[in-house]
Amino acid sequence: EFLYERSVSVPTSQVHGGLCKRAKLSATVADCLHVPEGSQVLDVREDGSESGTSILKLGVYHTPEQFVEKAKELVHPFDTSTMIDDDLKRAVFDLFTLGPDQVAERRRATLKHYEEMLEKFGPADEALKARLPETARVIMQDKSVMLFKQMCQDAGVDDEELVGEYLAGFPLTGKANVSGQFKHEDRPAQMSASQLMKAN
């Protein structure tokens, strides 16, 4: 807000005469104190001596031109790297350093790897689905739970409950399990499930 601050000594009588905290200096007073007109009194205190003087702490504002020049130095938050997550940074870095051909080859290799894993997990997937209720089995029949679990592990997903919820379905009401992927925040329900049903 202020270009700079400075402290000056003035007779205490002048403080009582209008140089109080938050006051803005007129041209005459500012000239006497050798600061620009409109400077603001930030604080007033007696100097502790018997000289009858007080210490004014003054804030000197930027000129409009100085303020504009300072504003031009600012960077919009969207233009900083902090708005980009680490995965995207790595992807951009790979494109610049490896080139599109090598990145494409790496993606084909990754896809082939998971296609092989899908085939490997086939029997375990079928045995797992056979234990599901009929309604869940219909929904999960074209999905590989084991591959999903493996891909979560490879991606560093630490949610231990995710695969179980993936199989059983996610509850629409009640308290959600802590996933470990987001900042924990306890938000109690505003109404019970029965109250919700009655409201609709």
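Tutor: Two strands pair if DSSP finds at least two bridges between them. With that in mind, this predicted model has an open sheet of three strands in the order 1-3-2, with antiparallel pairing.

Student: What makes strand 1 and strand 2 the edge strands?

Tutor: Strand 1 (2-11) and strand 2 (40-46) each pair on one side only. Neighbouring strands of this sheet are turned by 20° against each other on average, direction ignored.

Student: How do you know that strand 1 and strand 3 count as a pair?

Tutor: The definition asks for at least two bridges. Nine bridges join strand 1 to strand 3 (residues 53-61), and the two run antiparallel; therefore they count as paired.

Student: Why is R22 called exposed?

Tutor: Exposed means over 50% relative accessible area. R22 has 62%, so the term applies. R22 lies in the loop between helix 1 (12-16) and helix 2 (27-33), and its phi is near 75°, a positive value in a residue other than glycine.

Student: Is H34 buried or exposed?

Tutor: The relative accessible area of H34 is 63%, and the cut-off is 50%, so H34 is exposed. H34 belongs to the loop between helix 2 and strand 2. Its phi, near 60°, is a positive value in a residue other than glycine.

Student: How many residues of the chain count as buried?

Tutor: Buried means under 20% relative accessible area. Of the 200 residues of the chain, 22% count as buried.

Student: Why is the chain called more spread out than a compact globule?

Tutor: First, its composition: the chain has ten helices and three strands, which run β-α-α-β-β-α-α-α-α-α-α-α-α from the N terminus on. The globule rule gives 16 Å for 200 residues, whereas the radius of gyration is 34 Å, well over that value, so the chain is more spread out than a compact globule. The C-alpha atoms fill a box of roughly 95 × 60 × 35 Å along the principal axes.

Student: What lines the largest pocket, and how do its residues divide by class?

Tutor: The largest pocket holds about 510 Å³ of space. Its lining has 21 residues, of which G174, K175, A176, E185 and R187 lie nearest the centre. By class, nine are nonpolar, seven polar and five charged.

Definitions and conventions: Residues numbered from 1 in each chain as written. Predicted model: local features only at pLDDT ≥ 70, side-chain atom pairs only at ≥ 80, totals over all residues. Heavy atoms only, no water. Helix = DSSP H or I, 4+ residues; strand = E, 2+ residues; numbered from the N terminus. Axes fitted to C-alpha atoms, helices over the stretch in contact; angles between N-to-C directions. Buried < 20%, exposed > 50% of the residue type's maximum accessible area, 1.4 Å probe, protein only. 1 Å grid on protein atoms, 1.4 Å probe; cavity = no way out; pocket = protein on both sides within 12 Å on 5 of 7 lines; lining within 4 Å. Points joined across faces, edges and corners; volume = space filled by probe spheres on them. Nonpolar A, V, L, I, M, F, W, Y, C, P; charged D, E, K, R; others polar. Rg over C-alpha atoms; globule rule 2.2 N^0.38 Å.
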